[in-house]
Amino acid sequence: MARSKIKRDGLKAGSSAPDFRLPRLDGGELPLKELRCRRVLLVFSDPECGPCNTLVPKLEKFHREQAEISVVMISRGEPKENRAKVKEHRLTFPVVLQ
């Protein structure tokens, strides 16, 4: 980790994220304030990311088994690519676009 060039100075676990509003892949928008007072796992992804695609089925399983934690994927890329990913993995948690 010491040699990693990834910037790791973001929010600490348990911190409140600033409010934002992002377009949902299935239409409409998702404001973060809708999820306030709930435990939320925000997952940042990209349809072209190999490790992300490996993780996605595990996230779906986690989402189905851990109802007390809301999973939300924040993805880059084109809507068409993201819809294909959602369909391929049969995702049921919200996917929003950056």
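Me: In what sense do E3 and E4 pair, and over how many bridges?

Reply: In this predicted model, E3 and E4 pair in the parallel sense, and seven bridges link them. Two strands count as paired if at least two bridges are found between them, so E3 and E4 qualify as a pair.

Me: Which strands make up the open sheet, and in what order?

Reply: The open sheet has three strands in the order E3-E4-E5, with parallel pairing. Strands of a sheet pair through backbone hydrogen bonds, in either the parallel or the antiparallel sense.

Me: Why are strand E3 and strand E5 said to stand at the edges?

Reply: Strand E3 (39-45) and strand E5 (95-97) each have a single partner strand, so one side of each is left without a neighbour in the sheet. From one strand to the next, the twist averages 25°, and helix H2 (residues 79-89) lies across E3, E4 and E5, running at about 165° to E5.

Me: Why does Ser70 count as buried?

Reply: Ser70, which is found in strand E4 (residues 69-75), has a relative accessibility of 15%. Buried means under 20%, and therefore Ser70 belongs to the buried class. Leaving aside residues up to four places away in sequence, Ser70 touches Arg38, Arg39, Val40 and Leu41.

Me: What makes up the largest nonpolar core?

Reply: This core has 10 residues, namely Leu25, Val43, Val56, Leu59, Val71, Met73, Leu91, Phe93, Val95 and Leu97. A second, separate core has eight residues, among them Leu22, Leu35, Ile74 and Val96.

Me: Which residues does Val71 touch, not counting residues up to four places away in sequence?

Reply: Val71 touches Leu41, Val43, Phe62, His63, Phe93 and Pro94.

Me: How do you know that the radius of gyration agrees with a compact globule?

Reply: A compact globule with 98 residues would have a radius of gyration near 13 Å, and the protein has 14 Å, which agrees. The C-alpha trace spans about 35 × 35 × 25 Å along its principal axes, while buried residues make up 31% of the 98 residues.

Me: How many helices and strands are there in the protein?

Reply: The protein has two helices and five strands, and from the N terminus on its elements run β-β-β-α-β-α-β.

Conventions: Residues are numbered from 1 along each chain as its sequence is written. This is a predicted model: local features need pLDDT of at least 70, side-chain atom pairs count only at pLDDT 80 or more; totals for chains, interfaces and linings use all residues. Side-chain values use heavy atoms; hydrogens and water are left out. Helices (H or I, at least four residues) and strands (E, at least two) are DSSP runs, numbered from the N terminus. Buried means under 20% relative accessible area, exposed over 50%, partly exposed in between (1.4 Å probe, protein chains only). Contact means heavy atoms within 4.5 Å. Axes are lines fitted to C-alpha atoms, for helices over the stretch in contact, and angles run from 0 to 180 degrees between N-to-C directions. A nonpolar core is a set of buried Ala, Val, Leu, Ile, Met, Phe, Trp, Tyr and Cys residues joined through side-chain atoms within 4.5 Å. The radius of gyration is taken over C-alpha atoms; the globule rule is 2.2 Å times the number of residues to the power 0.38.
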